[in-house]
Amino acid sequence: MSITVYGASLSPFVRKVCIALVEKQIPYEQVQVDPARLPEDYYELSPFGRIPALKDGDDVLADSAVILSYLERKYPEHPLGYEDPYLQAKVQWFEKFADYELAPNTTFGVFRNRVLMKMMKQECDDAYVEKCLRDRLPGLLDYLESSIQENEFIVGDRLTVADIAIASQFVNFSYGNESIDPQRWPNSAAYVKRLHERPTIAPMIAQESAFIQKILGR
Ligand SMILES: N[C@@H](CCC(=O)N[C@@H](CS)C(=O)NCC(=O)O)C(=O)O
């Protein structure tokens with residue numbers, strides 16, 4: 001069966017799926033789909049027009065969490081989750097933390113305004129970015145700091161989709177010229193740095209950064 005991921009590489013949700021596929025050593029191809037210019041037939045893959053979507057042979061799925069849950073069951077080798085019900089529930093909790101608590105700030109706040117709006121030659125909403133940085137993110141980072149402590153991974157003793165989801169959000173944060181303050185949140189800063197240095201993630205960051213640099217002339 002051949003696997004195709006549909007979506008733009010700068011999307012944290014698309015990147016999340018791609019990192020998981022690389023970690024699981026599953027070959028795939030990527031078709032770039034810009035959510036601002038969706039091909040008409042894209043809704044057959046993703047009924048609400050969001051990226052990513054995935055095709056595995058004739059099977060079609062949308063939503064990064066749904067896709068990763070499917071991949072775990074269909075391709076159990078190189079697991080990114082746990083058999084243990086409680087540990088697996090914790091993985092899902094932290095995946096949701098990344099997708100629904102971090103994303104509105106790291107991606108839809110900072111990255112969208114500082115990178116995407118600039119690419120589209122539109123105004124950056126500085127007040128909204130400040131709100132994310134000053135009012136919303138500190139509480140989320142306090143929670144991350146108390147959860148990761150000095151552990152290598154957010155749940156258990158190996159990499160899971162939760163780590164991938166968190167890492168991917170902070171990739172977009174870094175494209176918005178922000179990073180986790182290592183004085184205030186030392187364990188979180190070290191944890192995210194470790195993840196971004198993984199051989200499965202670092203090459204994606206290098207390629208995407210070069211693209212952003214080319215477009216924005218940074
Ligand atoms: N929960 C979804 C979120 C996907 C999402 O919001 N993708 C954005 C791009 S980063 C998108 O497609 N936006 C276009 C839209 O919402 O119309 C997932 O994990 O796949």
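## Terms and model

In what follows, Ala, Val, Leu, Ile, Met, Phe, Trp, Tyr, Cys and Pro count as nonpolar, Asp, Glu, Lys and Arg as charged, and the others, Gly among them, as polar. This is a predicted model, in which local features need pLDDT of at least 70 and side-chain atom pairs count only at pLDDT 80 or more, while totals for chains, interfaces and linings use all residues. Residues are numbered from 1 along each chain as its sequence is written, and side-chain values use heavy atoms, with hydrogens and water left out.

## The ligand and its neighbours

An N or O atom in the side chain of Arg-50 is 3.3 Å from an oxygen atom of the ligand, whereas Ile-51 places a backbone N or O atom 2.9 Å from an oxygen atom of the ligand. With Asp-63, a polar side-chain atom lies 3.1 Å from a nitrogen atom of the ligand. On its own the ligand has 510 Å² of accessible area (Shrake-Rupley method, 1.4 Å probe), and the protein covers 74% of that area.

## The largest pocket

A pocket is found on a 1 Å grid over the protein atoms alone, as an open set of points where a 1.4 Å probe fits, with protein on both sides within 12 Å along at least five of seven lines; its lining residues have an atom within 4 Å of a point. The ligand sits in the largest pocket, meaning that more than half of its atoms lie within 2 Å of the grid points.

Of its 41 lining residues, the closest to the centre are Ala-8, Leu-10, Ser-11, Pro-35 and Ile-51. Helices are DSSP runs (H or I) of at least four residues, numbered from the N terminus, and H3 gives the largest share of this lining, eight residues. By class, the lining has 24 nonpolar, nine polar and eight charged residues.

## The second largest pocket

The second largest pocket holds about 550 Å³ of space, and among its 22 lining residues the closest to the centre are Leu-68, Ser-69, Glu-72, Gly-81 and Gln-88. Here too the largest share of the lining comes from H3, with seven residues.

Terms used. A polar contact is a pair of N or O atoms within 3.5 Å; within protein, one must be able to donate a hydrogen and the other to accept it, and residues adjacent in sequence count only if both atoms are side-chain atoms. Helices (H or I, at least four residues) and strands (E, at least two) are DSSP runs, numbered from the N terminus. Grid points are joined across faces, edges and corners, and a volume is the space filled by probe spheres set on the points.
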